[in-house]
Structures are given as structure tokens and as C-alpha cells.
Amino acid sequence: MAAIAVIAIAAAGRDVLAQVGLTAACVAPLKPAVSVELYFGRGKPDGGEVSDREWEEFLAEEVSPRFPDGLSVMEVMGQYRGSSGRAVSERSKRLHIIVFDSPAHLAKIAEIIDLYRQRFRQESVLRTERSLCAAL
């Protein structure tokens, strides 16, 4: 029975392993890491938009100091169902960070999300995380 459980966990992939507290073996020079993606909507409740300058200031003041080793930012179009129940489309920023200090990154990510929501009066920031192997 134990062999069946091990096969089932292995077949389900690395993310399941991480959820049960196990780490996947990474082949050198790769190391266990976490891929974090945050999606920041740029629409403001008053009908305006987070400007390029406001975004750059937020990135420089709040994000880069917390993740000085590097990150990527992409311009994307997003759609979500707002608290009103309506589907809303807006320009967004996708922030991608690979972290090697899990779980120390959790507080930093939570701070970034809270600061963005407060500064730009956002309902939410979409966040995804997954385990992987990476090297710099």
C-alpha cells in the first residue's frame, strides 16, 4: 500500500510534494525555488489608471528593495469579476519573481500586495506560486 501512495504522489508532480512538506530533487546547478507571480490591475475606482510613473515609483520604493536579486515585469491585459459581479477588463502589470528563500518571501509578498491595494485602492492582487528548480 505504501508503494501505491509513493507512486501517486510522484505522478502528481512537484507541487503536491511541496504541499506535503517534501522537496523535489534538483540537479546541480539548479536549486529548489518558488516561482511567484503577482498581477496588479491598473484601473482605479475613480475611473483613472495607475500611470507608468506611479507604477515605476511603486516598483522602486516597495518591490525592488524587498527583492533586490531581480524580477521581471510584463504589461498584460487582465479580466476579473469585481465585487459588483461584473466582468472588468483592464491593463495590468505581471510581476514574476523567483525566490530561493522560501518561506521567508511570504511576508514580503504580503506586504507588497497590501501596499499596492492601499496606495491604488484596489480590490485585490492576483497571486500564484509554484515550486520549481532554478539557477542564477
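**Fold, backbone features and main pocket of the predicted model**

P103 lies in the loop between strand 3 and helix 4, where helices (H or I, at least four residues) and strands (E, at least two) are DSSP runs numbered from the N terminus. The peptide bond that joins S102 to P103 is cis, with an omega of about 5°. The structure is a predicted model, in which local features need pLDDT of at least 70 and side-chain atom pairs count only at pLDDT 80 or more, while totals for chains, interfaces and linings use all residues. Residues are numbered from 1 along each chain as its sequence is written, and side-chain values use heavy atoms, with hydrogens and water left out.

A cis peptide bond is also found between A28 and P29, with an omega of about 10°, and P29 belongs to the loop between helix 2 (14-19) and strand 1. Most peptide bonds are trans, and most residues other than glycine have a negative phi. R121, in the loop that leads from helix 4 to strand 4, has a positive phi of about 50° although it is not a glycine. The relative accessible area of R121 is 46%, which means that this residue is partly exposed, a class that falls between buried (under 20% relative accessible area) and exposed (over 50%), as computed with a 1.4 Å probe on protein chains only.

In total the protein contains 4 helices and 4 strands, and from the N terminus on these elements follow the order α-α-β-α-β-β-α-β. Of the 136 residues in the protein, 29% are buried. Among the contacts (heavy atoms within 4.5 Å) that have a separation of 6 or more, 68% are made by residues 24 or more positions apart.

The 4 strands form an open sheet in the order 2-3-1-4, and the pairing is antiparallel; two strands are taken to pair if DSSP finds at least two bridges between them. Strand 2 and strand 4 (126-134) are the edge strands, each of which pairs on one side only. From one strand to the next, the twist averages 30°, with axes taken as lines fitted to C-alpha atoms, for helices over the stretch in contact, and angles running from 0 to 180 degrees between N-to-C directions. Helix 3 (residues 52-63) packs on this sheet, where it touches strand 1, strand 2 and strand 3, and its direction makes about 30° with that of strand 3. Helix 4 (residues 105-120) lies across strand 1, strand 3 and strand 4, and runs at about 5° to strand 1.

Within the sheet, strand 2 and strand 3 run antiparallel and are joined by 10 bridges, and Y80 has V88 in strand 3 as its bridge partner. The hairpin of strand 2 and strand 3 has 5 residues between the strands, and in this hairpin G85 takes a positive phi near 95°. Strand 1 pairs in the antiparallel sense with strand 3 over 8 bridges and with strand 4 over 9 bridges.

L115 is placed in helix 4. With a relative accessible area of 27%, L115 is partly exposed. When neighbours within four places in sequence are left aside, L115 is in contact with F58, E62 and R66. For one of these pairs, L115 and E62, the separation is 53 residues in sequence, whereas the C-alpha to C-alpha distance is 7.9 Å.

The largest pocket has a volume of about 470 Å³. A pocket is here an open set of points on a 1 Å grid over the protein atoms alone, where a 1.4 Å probe fits and protein lies on both sides within 12 Å along at least five of seven lines, and its lining residues have an atom within 4 Å of a point; the volume is the space filled by probe spheres set on the points, which are joined across faces, edges and corners. The largest pocket is lined by 21 residues, and those nearest its centre are G41, Y80, V88, E90 and Q122. At least two lining residues come from each of strand 1 (31-41), strand 2 (72-81) and strand 3 (87-99), and strand 3 gives the most, with 4 residues. By class, the lining comprises 7 nonpolar, 10 polar and 4 charged residues, where Ala, Val, Leu, Ile, Met, Phe, Trp, Tyr, Cys and Pro count as nonpolar, Asp, Glu, Lys and Arg as charged, and the others, Gly among them, as polar.
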